[in-house]
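Hello,

I am passing a structure on to you, and my notes follow below it.

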Amino acid sequence: MRLKDWTVLVIPHDEFQAHRFKVSRFIILSLMLLVLGSAAGVSYLVLSSSRKNFDYLRYINLQRENRILTQKLGDVEGKIEKMDSQINGLMEENQQFRSVAGLGLLDEEIREVGVGGTFMGAREELLEINTSLARRLYGQDEQVDVLLRKTALIQQSLEEAISSIESSKEKWSCYPSIMPAKGYISSHFGKRSHPIYHVSQYHNGIDISCAAGEPIIAPADGKVVLVKRQIGYGLTVAVDHGYGLLTRFAHCSKAEVKVGQRVKRGDLIALVGQSGITTGPNLHYEVYLDGQARDPMKFILDNHVP
Ligand SMILES: [Zn+2]
């Protein structure tokens with residue numbers, strides 16, 4: 001559309017004569033440009049101001065977030081320090097436990113477990129922005145790695161110690177350690193004069209004098225390997241305890257177990273009698289270790305009598 005010159009009529013209310021103004025095309029164009037330009041300027045200012053407001057709010061929120069996270073890092077540092085001290089205490093107790101379990105102590109180098117890898121890329125990035133925060137953060141990260149390794153080491157070491165104790169417990173339950181019958185020792189282990197033949201002989205057990213029919217009990221866990229009448233020994237019972245240990249009970253009146261039967265320490269295995277060659281009712285008790293007769297008194301701990 002082609003712009004033409006305009007004529008503007010101004011008619012005052014209290015006058016009869018109108019005023020006429022001629023407005024050129026140039027002025028109309030200028031006015032239109034001025035109005036459009038102002039509208040664009042106002043829009044720009046409004047938009048830019050709201051954007052600035054948005055950035056400022058975001059900045060404030062990020063600052064708050066950062067402050068809260070830094071405070072939390074401080075709390076976590078405190079907790080990690082406490083955990084470090086508790087885990088070091090556990091490590092010391094673990095050492096004592098190993099000692100009780102008959103295991104060697106973990107040496108310093110093993111206890112100071114190696115440090116794990118770090119996230120170098122992220123670390124470098126944060127180091128550029130905030131060196132001290134980066135050091136704190138990654139220092140704690142490394143410390144947590146160390147603590148994880150220490151707890152894993154303690155766990156492994158405890159499992160080893162428990163297994164060692166269980167194995168000694170089993171070994172201990174198979175170790176002859178109590179008197180197999182109530183009575184008094186009428187003949188000791190070693191060289192002696194034979195009570196019947198009166199010749200010097202080696203007594204490969206002890207004689208426990210007691211009334212016929214007194215119970216004979218297993219001095220440790222094991223398996224019955226012999227129930228038989230033997231020359232001189234009379235009715236004899238033998239128990240294999242494993243670990244090279246075997247016990248034998250002679251002159252019995254009655255066996256209460258069968259070959260192959262498993263017995264526990266304290267179980268009734270036979271009754272005292274005077275079968276075989278003997279002067280009276282007594283239990284002839286022998287202990288063998290790796291096929292060698294040993295003094296049974298060494299296998300009666302703390303004079304334990306049932
Ligand atoms: Zn004897």
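How far apart are the end C-alpha atoms of helix 1, and what should its residues span at 1.5 Å a residue? The model is a predicted one, in which local features need pLDDT of at least 70, side-chain atom pairs count only at pLDDT 80 or more, and totals for chains, interfaces and linings use all residues. Residues are numbered from 1 along each chain as its sequence is written.

Now to the helices. Helices (H or I, at least four residues) and strands (E, at least two) are DSSP runs numbered from the N terminus. The 76 residues of helix 1 should span 112 Å, and its end C-alpha atoms lie 110 Å apart, which agrees; the expected span is 1.5 Å times one less than the number of residues. Just after helix 1, Gly 102 has a positive phi of about 75 degrees.

Helix 4 has 43 residues that should span 63 Å, and its end C-alpha atoms are 63 Å apart, which agrees. Its buried residues are Leu 137, Lys 150, Ser 157 and Ala 161.

Helix 1 (residues 25-100) packs against helix 4 (residues 131-173) at an angle of about 25 degrees, with the axes 9 Å apart. Axes are lines fitted to C-alpha atoms over the stretch in contact, and angles run from 0 to 180 degrees between N-to-C directions. The two helices are therefore roughly parallel to each other, a term for angles under 35 degrees.

The strands are worth a look too. Nine of the 11 residues of strand 10 (residues 245-255) are buried, so the rest of the structure largely encloses this strand. Strand 10 runs antiparallel to strand 9 (residues 234-242), joined by six bridges; strands pair if DSSP finds at least two bridges between them. Ala 238 stands opposite Arg 248 in strand 10. Strands 9 and 10 form a hairpin with two residues between them, and Tyr 243 in the turn has a positive phi of about 55 degrees.

Strand 10 also pairs with strand 13 (residues 282-289) in the antiparallel sense over six bridges, where Phe 249 has Tyr 285 as its bridge partner. Three bridges join strand 10 to strand 12 (residues 268-272), again antiparallel, and Ala 255 has Ala 270 in strand 12 as its bridge partner.

Best wishes

Key:
Angles under 35 degrees count as roughly parallel, over 145 as roughly antiparallel, 65 to 115 as roughly perpendicular and the rest as oblique. A residue is buried if 20 or more other C-beta atoms lie within 10 Å of its own, exposed if 12 or fewer, and partly exposed in between; C-beta atoms are placed from the backbone.
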